[in-house]
Amino acid sequence: MGDHLQSLGSEAEGLESNVKDELCMDIDPPFSENSATADDWRKALSKVVPAVVVLRTTACRAFDTEAAGASYATGFVVDKLRGIILTNRHVVKSGPVVAEAMFVNREEIPVYPIYRDPVHDFGFFRYDPAAIQFHVYEEIPLAPESACVGLEIRVVGNDSGEKVSILAGTLARLDRDAPHYKNGSPVIDWQGRAVALNAGSKSSSASAFFLPLERVVRALKFLQNSRDLSCNKWEAVSIPRGTLQVTFLHKGFDETRRLGLQSETEQMVRHASPPGETGMLVVDSVVPGGPAYNCLEPGDVLVRMNGKVSHFVTLIGIELLTEVHVQDLHSITPDYFLEVSGAVIHPLSYQQARNFRFNCGLVYVTEPGYMLFRAGVPRHAIIKKFAGEEISQLEELISILSKLSRGARVPLEYVSYTDRHRRKIPQSIAVTIDAVDWIIETVKEVQQKEERRRVSFKRSFRNSSSCYLVEYFLNTKGSFLKISVLKNNMMKTVIIPEEEKANGWSEFLRCLNSTMKREQAIDNENRAQQKADTSNGKVLNQRSWANVVKEPWKPITNQNSRRRDRSGVFSGERQLEYSGNRRYQSLLQEMEGGSKKRGTLAIMKKSKKRGLKSREGCQVARRKKLPVR
């Protein structure tokens, strides 16, 4: 009995030691790789620091997710023979960029982008290795398989353009969600190998986030194989990248059971998965118009994938076999743009389509510039209609623009990502018949007034049921009428733009008259009046230069004008103005497109012939009704 208990105890101790060994291998790195001394780190850093560069980049145009501007970042040499530098995607930029690298000895060389990943935040610059004449350095090898929990690391980079900064740390997790990437510094171990790429940090904590290097190593191999060292030329390389335009999240088994996963399926997945698996992939979002848009929905659990056949579990627990086409990710990544009047327009990328929930390839405004800014089009807008035509691709917009003349004014319809889920309901107001008559007369009154006399125009009307207010406004986008109706303590407003040649107001009047069944009568009356005026030799709505010159000057008294005499007291003497000169002035303003302050034309000039050398002499000439030339 004692021997039996002793054997059971020894088996238990052996089992406990095996569990400890497994946990040590899974969580902690081997002791031999983590027992680095200060001399080991000093040797590693002496090899790494010369290969780290400071990157000064200038984005010439706003493009996709990046704005125009200049910035500093970090990169490091991963291939000395071919001249390849690894850094972040937002440093390489998704659009046009001008960049240069500075080594630790302050030797500067120009660098050129050769690849940026469409989704993950890494990219490559190239440089001419022969341009480095005085600096001795070695490339930093990539070792993504060495990353493990508990590994002691150093982050080597520059702090806002400074020369070198070194931060110490320890890897705590390997399964964190991707943060907002930035920086581009190498994360090295004590042997001088890069185990990750610095991604970002939290200002509210002492945590930093790193990008794994598995995909970086794959892309680097494609670039190295495409580089022809004999002819010293870079060939265009295509790195295969497939996409379903679907975002997956890793969820625990408890969460997947709540989403409808059956216990039999869970046991099958646990048995087929590697030891230590804690969950499954769940669909988080699907881009509209993508290959999986009508096949998958958020909350579906991925069970297995084999070629084109994917096995999913829906939210209600039904297993679904579906065939999904894998799309080329580079085909939906924009590589060109249209620039017109400072506006930068290009097809919507997968990155922004996933953020905004729009279809890929739509006409996307990354920078409004002068023309679109004046039209009120914001940044990140999607153009839906231009010049009355539906557009869904950038080529259609280019075709329409090529047919327009310089200075043409066309309507534009756009939608912003902030109001993509909003439903626009037309604004309407209810008015009575007497109010319609008043609105028609008020709009006609505004049309007949000169533009300078419309300022501060305001009319109000009240009947037994409502109060009405018509106001005139003018801004950089044009002039418009604001019609407000107050009824039952509720205010409703309608804006009527003037448009070119007051077509907006004329169309508004036509609609009101047609509603009141007066359109035909008004047309007949207008035609009869036009015929009568033509028979009498009158010219309608025209002011010619000859007619203005022929008009005799007529003295007109201005009741509101007073002048100050030498004693400083206002006299009640009325100042004379000349109607012919005033009409001549307004005509000049219309021809020159200028706008002057309301007032009389300055005709009081010194005249040596008549001896009028002062303002007082000019007033005397006016009293004698002498024409001043």
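Predicted model: local features only at pLDDT ≥ 70, side-chain atom pairs only at ≥ 80, totals over all residues.

Author: Residues are numbered from 1 along each chain as its sequence is written, and side-chain values use heavy atoms, with hydrogens and water left out.

Reader: Why is Ser 349 called buried?

Author: Buried means under 20% relative accessible area, with exposed over 50% and partly exposed in between (1.4 Å probe, protein chains only). Ser 349 has 2% relative accessibility, so it counts as buried. Ser 349 sits in the loop between strand E22 (343-347) and helix H8 (350-356); helices (H or I, at least four residues) and strands (E, at least two) are DSSP runs, numbered from the N terminus.

Reader: What does Ser 349 touch, leaving out residues up to four places away in sequence?

Author: Asp 64, Ile 332, Pro 334 and Cys 360. Contact here means heavy atoms within 4.5 Å.

Reader: What makes something a cavity rather than a pocket?

Author: On a 1 Å grid over the protein atoms alone, a cavity is a set of points where a 1.4 Å probe fits but cannot get out, whereas a pocket is an open set with protein on both sides within 12 Å along at least five of seven lines. Lining residues have an atom within 4 Å of a point.

Reader: Which residues line the second largest cavity?

Author: Among them are Val 340, Met 371, Phe 386 and Leu 401. Helix H9 (369-374), strand E24 (381-386) and helix H10 (394-403) each give two or more residues to that lining.

Reader: How many residues make up the largest nonpolar core?

Author: That core has 40 residues, and Phe 122 and Phe 124 have the most contacts inside it. A nonpolar core is a set of buried Ala, Val, Leu, Ile, Met, Phe, Trp, Tyr and Cys residues joined through side-chain atoms within 4.5 Å. A second, separate core of 19 residues includes Ala 435 and Phe 508.

Reader: How do you know that E28 and E29 pair?

Author: Two strands pair if DSSP finds at least two bridges between them. E28 (residues 467-475) and E29 (residues 478-487) run antiparallel and are joined by 9 bridges, so the pair qualifies.
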